[in-house]
Amino acid sequence: MKDIYIIIAMLLCATVAAAQTRVEKKVATKASGYGVTYSLPKTSLVFNIEVTKTTLKAGPYYKYAEKYLGVKDAITEDGVYYELNGVTAINRGVPDASNSFTVEFKSGTVAPYVYLTEDGLLCTVNADYTPPAVPTQQEKNPGEPRSRNASAVFTEEYLLAGSVARQAEVAAKQIYHIRESKMDILTGDADNLPPDGEAMKLVIRQLEEQEKALSSLFTGTRESETDYYDVTVIPAEDMEEEVLFRFSHKLGILDADDLGGDPVYLNLKTTERAQELTPKEAEKKAKSMKGLIYNVPGKALVEVKTAKKTLYKNEFQIVQFGTQESLTPEIFEDKKKPVKVIFYPETGAIKQIIQ
């Protein structure tokens with residue numbers, strides 16, 4: 001059985017705001033034995049799925065839409081449908097409980113320090129660190145604003161109409177009357193024109209809202225909103241057509257084991273993997289691993305697809321497919337020019353060494 005962890009988190013709100021990862025400076029002092037404890041991460045891939053939900057509502061006079069307004073595609077019944085807009089992914093390192101270490105600096109070294117994330121992941125040694133802004137929750141897209149309530153412009157003739165057919169006829173007449181009023185204002189033929197340009201814009205906007213509200217009685221309404229969902233995978237090996245989640249145009253995003261939707265697959269293929277060591281080689285390397293331990297990640301090509309098309313494809317660094325190396329503490333002992341090391345916190349790999 002593959003060692004895979006899949007978590008679905010429904011984010012009904014998701015990203016315009018950005019936040020920063022919290023970091024903490026740790027100084028190696030005599031009280032701590034000149035040591036600092038940190039963790040190395042393992043790779044989790046977070047897939048963000050964008051889905052649009054559209055709600056349809058039929059108008060009470062949809063049967064008369066073509067007769068009175070010439071509209072042939074009016075909504076004839078209430079309904080809801082979903083569209084899968086796209087998938088993106090990020091590499092998010094999570095602390096690996098089996099890979100926590102304490103690096104010990106030599107007594108007398110000039111104030112060696114490290115920066116750690118709030119989870120204890122290594123960011124820098126002897127160098128300041130400002131975490132990059134990262135996306136947080138995306139701002140929910142409310143879709144188009146709702147139309148004005150049609151009842152606000154019902155006439156006495158409409159209210160006294162004795163049948164649905166008569167109400168539809170009167171409502172249609174009111175729509176054409178509004179259109180004529182709007183045209184008269186725009187052409188300057190109205191008896192009482194607005195006093196200035198701003199007033200004209202306001203009147204035209206109000207007339208358009210009234211027309212839209214009455215027209216919706218025939219054509220129906222269509223409202224859309226965009227939601228976001230996260231699916232997190234912690235890979236342990238290659239994956240071929242692993243069901244990441246399921247999707248239904250009627251139900252939206254579903255769990256991987258919910259057969260109510262069509263499967264969306266995850267393919268993950270190693271493109272760079274650390275050489276496997278023999279037991280003797282592994283023992284020898286373990287004895288030599290002293291000082292500051294860091295990750296050398298492998299790589300994998302990640303693809304998200306349906307049965308018909310690819311939704312996302314990219315290459316990622318995968319810690320689980322790599323190896324570990326070490327930096328001896330002696331390189332940090334130069335009191336005049338202490339070595340600075342900058343890491344990628346999400347992978348535990350070295351980004352830069354400054355001497």
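Arg166, Glu169 and Lys173 are joined in a network of salt bridges (a side-chain nitrogen of Lys or Arg within 4 Å of a carboxyl oxygen of Asp or Glu). The model is predicted, with local features needing pLDDT of at least 70 and side-chain atom pairs counted only at pLDDT 80 or more, while totals for chains, interfaces and linings use all residues. Residues are numbered from 1 along each chain as its sequence is written, and side-chain values use heavy atoms, with hydrogens and water left out.

The protein chain contains five helices and 16 strands (DSSP runs numbered from the N terminus, helices being H or I of at least four residues and strands E of at least two). Of its 355 residues, 39% are buried (buried is under 20% relative accessible area, exposed over 50%, partly exposed in between, with a 1.4 Å probe and protein chains only).

Nine salt bridges were found in the whole structure. One of them pairs Asp78 with Lys57 at 3.9 Å, N to O. Asp78 lies in the loop between α1 (65–69) and β5 (79–104) and Lys57 in strand β4 (residues 35–57), so this pair ties together parts that are 21 residues apart in sequence. In the salt bridge between Glu325 and Lys285, the closest N and O atoms are 3.2 Å apart. Because Glu325 is in strand β14 (residues 310–327) and Lys285 in helix α5, the parts tied together are 40 residues apart in sequence.

Lys182 is located in helix α3 and counts as buried at 18% relative accessibility. Beyond residues up to four places away in sequence, Lys182 touches Ile204, Leu207, Glu208 and Glu211 (contact means heavy atoms within 4.5 Å).
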